[in-house]
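Keep the structure in view as you read.

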Amino acid sequence: MHLKSVEQRLKQKGYKLTNQRKAILQVLFQYKNHFLSAEEIYLQVKKRCQQTNFSTIYRNLEMLEKIEMIHKTNVYNGVFRYELICHDAHHHHIICKSCGKTTPIDFCPLKDLYPQLQDQNFTLTDHKFELYGYCEKCQASFSDKK
């Protein structure tokens, strides 16, 4: 997926591509295999678009999540992190708790549970499956410190 196609998706959803939104999308695209905090996004966007304030970042992240262009998760410490959704296929994540690197996984454990949910007369609307740990690079840095 290219940045232009991400920008086109935003326009198709009925939103203008403001300078701030373009900068946010550029940052998310640049770090497309990592979850970033709003503060990390803000610091990167500020380099591209100096007049951006923190509340603009939050408003745009909320809007991008609402129109399902980004994925929001609470990795650790109560800080929400965001990732650009670059593909339409259903997937989940392996997330490094140290550097935020994310790797999509195609396995979905819900497939095995779905019949049981139907037996409970429950209508499922959404779900997330995320595995947390440490990537190879961060594991190596931990052992270097010993």
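Start at Thr102, a residue that is buried, with a relative accessible area of 2%. Anything under 20% counts as buried, so Thr102 falls in that class with its 2%. Keep in mind as you look around that this is a predicted model.

Where does Thr102 lie? You will find Thr102 in strand S5. Now look at what surrounds it. Leaving aside neighbours within four places in sequence, Thr102 is in contact with Asn33, His34, Phe35, Glu83, His93, Ile94 and Ile95. One of these, Glu83, has a side chain joined to the side chain of Thr102 by a polar contact of 3.1 Å.

Next, step back to see the sheet that S5 belongs to. Three strands form this open sheet, in the order S5-S4-S6, and their pairing is mixed. Strand S5 (102–105) and strand S6 (130–133) are the edge strands, each pairing on one side only. From one strand to the next, the twist averages 20 degrees.

Strand S4 (residues 92–96) and S5 run antiparallel, joined by four bridges.

Is S4 enclosed or open to the outside? Four of the five residues of S4 are buried, so this strand is largely enclosed by the rest of the structure.

Now follow the chain from S4 to S5. These strands make a hairpin with five residues between them, and there Gly100 takes a positive phi near 85 degrees.

A positive phi also turns up elsewhere, at Glu68, with a value of about 60 degrees, although Glu68 is not a glycine. Why is that worth a second look? Most residues other than glycine have a negative phi. Glu68 has its place in the loop between helix H4 (54–66) and strand S2 (70–76). Is Glu68 buried or exposed? Glu68 is exposed, with a relative accessible area of 59%. Compare that with where we began: Thr102, in contrast, is buried, at 2%.

How values were computed: Residues are numbered from 1 along each chain as its sequence is written. This is a predicted model: local features need pLDDT of at least 70, side-chain atom pairs count only at pLDDT 80 or more; totals for chains, interfaces and linings use all residues. Side-chain values use heavy atoms; hydrogens and water are left out. Two strands pair if DSSP finds at least two bridges between them. Helices (H or I, at least four residues) and strands (E, at least two) are DSSP runs, numbered from the N terminus. Axes are lines fitted to C-alpha atoms, for helices over the stretch in contact, and angles run from 0 to 180 degrees between N-to-C directions. Buried means under 20% relative accessible area, exposed over 50%, partly exposed in between (1.4 Å probe, protein chains only). A polar contact is a pair of N or O atoms within 3.5 Å; within protein, one must be able to donate a hydrogen and the other to accept it, and residues adjacent in sequence count only if both atoms are side-chain atoms. Contact means heavy atoms within 4.5 Å.
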